[in-house]
Amino acid sequence: MDINAIIIVPIVCLGLPWLIFHYVTKWKQAKTLTSGDEKLLDDLHDAARRLDDRLCTIERIMTAENPDWRQQCLPGRDQSQRLLVDGE
């Protein structure tokens, strides 16, 4: 029997399936979020909500001082085009 066949057969029969299953498991693990990732997302979400609350407060103050400030700053854009609505 040829020495190449002795080396190639175990590589094809054992090594290739092991390599495939190894990377399949790595890809499945990479799809899930770690606890650190989840905490970071929660912190970013909280920060975004706080910033939106601050923006709403500033908008209310400016509206109380000058009701037409939106049309002066952003002509052609109305309240319905906001991404986040008060109370969300």
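Leu 16, Trp 18, Leu 19, Ile 20, Phe 21, Tyr 23 and Trp 27 form a nonpolar surface patch with about 830 Å² of accessible area together. The model is predicted. Its protein chain holds 3 helices and 0 strands. Buried residues account for 6% of the 88 residues.

**Patch and surface**
- One of the patch residues is Leu 19, which lies in helix H1.
- Leu 19 is partly exposed, at 39% relative accessible area.
- The protein chain exposes about 7800 Å². Carbon and sulfur atoms supply 65% of that area.

**Helices**
- The elements run α-α-α from the N terminus on.
- Helix H1 covers residues 3–31, 29 residues in total.
- H1 reaches 41 Å from first C-alpha to last, close to the expected 42 Å.
- H1 bends by about 35 degrees at Val 12.

**Salt bridges**
- The whole structure contains 2 salt bridges.
- Asp 43 and Lys 39 pair through their side chains at 3.0 Å, N to O.
- These two residues sit 4 apart in helix H2 (residues 35–65), so about one helical turn separates Asp 43 and Lys 39.
- Asp 43 is partly exposed at 37% relative accessibility, while Lys 39 is exposed at 52%.
- Arg 70 forms a salt bridge with Glu 59, with the closest N and O atoms 3.5 Å apart.
- Arg 70 lies in helix H3 (residues 69–73) and Glu 59 in helix H2, so this pair ties together parts 11 residues apart in sequence.
- Arg 70 is partly exposed at 23% relative accessibility, whereas Glu 59 is buried at 11%.

Technical notes: Residues numbered from 1 in each chain as written. Predicted model: local features only at pLDDT ≥ 70, side-chain atom pairs only at ≥ 80, totals over all residues. Heavy atoms only, no water. Expected span 1.5 Å × (residues − 1). Bend = angle between axes of the 7 residues up to and from the residue. Patch = residues over 30% accessible without salt bridge, like charges linked within 9 Å, V, L, I, M, F, W, Y side chains within 5 Å. Areas by Shrake-Rupley, 256 points an atom, 1.4 Å probe, with all protein chains shown as cover. Salt bridge = Lys/Arg side-chain N within 4 Å of Asp/Glu carboxyl O. Buried < 20%, exposed > 50% of the residue type's maximum accessible area, 1.4 Å probe, protein only.
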